[in-house]
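Dear colleague,

I am passing on the structure below, together with notes on what was found in it. Please read them alongside the coordinates when you have a moment.

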Amino acid sequence: MVQKYRRKIHGRSRKHRIRTPTSTSRSSSSDRVRRKLESELDSAHVANLWHSDPDPIYRYHQDFVDKYYGAQPWNYPPKPWMANNIVPWLVTLSLLGFQDLADTTSRPNSQISQELEAPPLPSITSSPVTDFVMPTTASFDDPAFGPEEPPAHSDCDFPSNHNYDNVEGSKITKRPHGFQIDPNFSSTQSNHLDTKKKERNLDNQKGFNSNSIVQTPKNSNRLNQSERFYNPSHSFKPPKDSGFKDEYAGPAMELAYYWKTVDYEFDNDEDRRSLLYAGTFIPENNLPLGLEISKDRIFVSLPRWKKGIPATLATISTNSDDRSPKLKPYPDWRWHHLGNCQGLTSVFRMQIDDCDRLWVLDSGKIDITTEPKQICPPTIFVFDLYTDELIKAYTLPPDQIKEDSLYSNIIVDVKNDECERAVAYAADVWRFGLVVYDFFNDSSFRLQHHYFFPDPLSSKFNLHGLEFQWTDGLFGLALTPVDVNYEKTMFFHPMSSFREFAVPLSALRDQRTAENSSDKFVPVGKPRAKDYGHSSGSTIDRNGVMFFNMVTRDSVWCWDTRKEYIPQNLGVVGASNISLVFPNDIRMDHEEDQNLWVLSNRLPMYLYGYLNKNEVNFRILKASAKEAVKNTVCDPNYIVPDSLPSLDVTC
């Protein structure tokens, strides 16, 4: 019967397509169709056929009958006559009524994951601003106290001083607790490619200012890395002292050394005075950056960010009773003549291997905060710590040095105690590359991977009211002990990222293997924090526990590498909004009972124009690796419960 019905309707439709019936014939034809169909099919069956049958031909025939015959199917509910007008009206009202819910400029959506969340849009004003203060959140004063969420807890709320409610509109009526941009901010930003930039005063002294820097960019339409990172058109003004301040970093952390400004062991006072007079030594421009620990010495690097840095690598004695000792140039003063590429030019970091050799990564780049100059090629120096004599110096080939490259970190692997088979890994933080150097073959290759790149959603930093944007790539490097498969793993992360990544060292043994092992690079777990999760250096002890610096949280965290990398499994070793302001480097010594060493140096304040000479600015802290993680989630003996809340549920 269904087939007969199909033929009936189909035959009539084709017939009446050819004829153009009048209204009278259409009405009579409709009656005939209705009577004929009533005699052939049950009305309920027809209604059900038009409503639920998946065959689109019935829906097409329904429209055809309605159009040409004006017939409605039996028991078929009539169409709402106002639907075509009401639905668009209701949709419009809904969009208007929920506009506030769709507004993403006032605050980020707390239900969106960090990878997908877009930052707030900047405020725009059409009129010139004469007294503009950047809408900013308050200082991250104390991550260890108050309502702030510890990393091992599942609550992801921000502390009150990071509330986005402080940002409203484009006109600020009350100055927020943050840094101030000078009245010329708008014009200087628009004229950042002028032939000469305004002089930036770094202190309030009258007359000659030893820290004044004149920026003269190259005649190019493209800004170099230092102009993007370290040359804001404003001067940082520290916020007023409000809130709880505490120098105590925790029960495990011990303050070992500290400096307001650093000084050196000169041969005599006359040499010091002559260097001061010539501007070769400007004490406030010297910033300790890299750290390494030997048995009886601590190595400190001082890159030549600015002028007036007489030595770029120095030591202090661990036997000294002076808590603010003078730095002794290493190996001696003869190695630090600027412009001599056979010596040391601008050292960022170094590492001591298991064979008592010091590996020094010299970037060869000076004046990074003004106009960077690659006066010498990046070089890896290897010294014998027993004699302090140079063992080998390896200069990177030109094809491994990109424009604006900045080699800033190095780690060394000695497998099976074969000192001649050592391999070094050097990170290019500005051009997102990794150089692998084979000590035995005296050769190297450069590798790039998309995990080396910065995360654009993690490039905004806030440190005690100072807001800035860095797009730093590969930076943190750390090696695990040998596992059951006689394999080591390298954990790494970009500076501008909240994620950790890993790759087995077997995938990096030669250039062909590395280029064909892209899938061996993997992300580890989940982001370490929803916000303010930037980490600088990292290190791993013999028990497989990683320690890493949280630069925008004034703290040092830990993670047992045998556990899942999620916030619930991350612990806090130490936190202080005085002692650990921007913990920059972190190293593990080589003692039987290992100690963790941390250097904090307030680097952004140094780069952007303010360090109080009357305050302690640089600190070296230490902690027993075992005691630091005892009875914490980072303890290798700690068993993680299966019932811990998930990050996805709360964040």
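In these notes, contact means that heavy atoms lie within 4.5 Å. This is a predicted model, in which local features need pLDDT of at least 70 and side-chain atom pairs count only at pLDDT 80 or more, whereas totals for chains, interfaces and linings use all residues. Residues are numbered from 1 along each chain as its sequence is written, and side-chain values use heavy atoms, with hydrogens and water left out.

Ser294 sits in the loop that joins β2 (290-293) to β3 (297-301), where helices (H or I, at least four residues) and strands (E, at least two) are DSSP runs, numbered from the N terminus. When residues up to four places away in sequence are not counted, Ser294 touches Phe299, Ile352 and Leu385. Ser294 is classed as buried because its relative accessible area is 13%; here buried means under 20% relative accessible area, exposed means over 50%, and partly exposed lies in between (1.4 Å probe, protein chains only).

Thr539 belongs to strand β22 (residues 535-540) and, with a relative accessibility of 10%, also counts as buried. Setting aside neighbours within four places in sequence, the residues in contact with Thr539 are Ala478, Val545, Met546, Phe547, Ile586, Arg587, Met588 and Leu596.

Turning to charged pairs, the structure holds 21 salt bridges, a salt bridge being a side-chain nitrogen of Lys or Arg within 4 Å of a carboxyl oxygen of Asp or Glu. One of them pairs Glu247 with Arg619, their closest N and O atoms being 3.8 Å apart. This pair links distant parts of the chain, since Glu247 is in the loop between α7 (225-229) and β1 (254-259) while Arg619 is in strand β28 (residues 618-624), 372 residues apart. Glu247 is partly exposed at 41% relative accessible area, whereas Arg619 is buried at 4%.

Asp263 forms a salt bridge with Arg272, with 3.0 Å between the closest N and O atoms; Asp263 counts as buried at 15% relative accessibility, while Arg272, at 26%, counts as partly exposed. A further salt bridge joins the side chains of Asp510 and Arg509 (3.8 Å, N to O), and in this pair Asp510 is partly exposed at 29% relative accessibility, whereas Arg509 is exposed, with a relative accessible area of 59%. Finally, Asp296, Arg297 and Asp388 are linked in a network of salt bridges.
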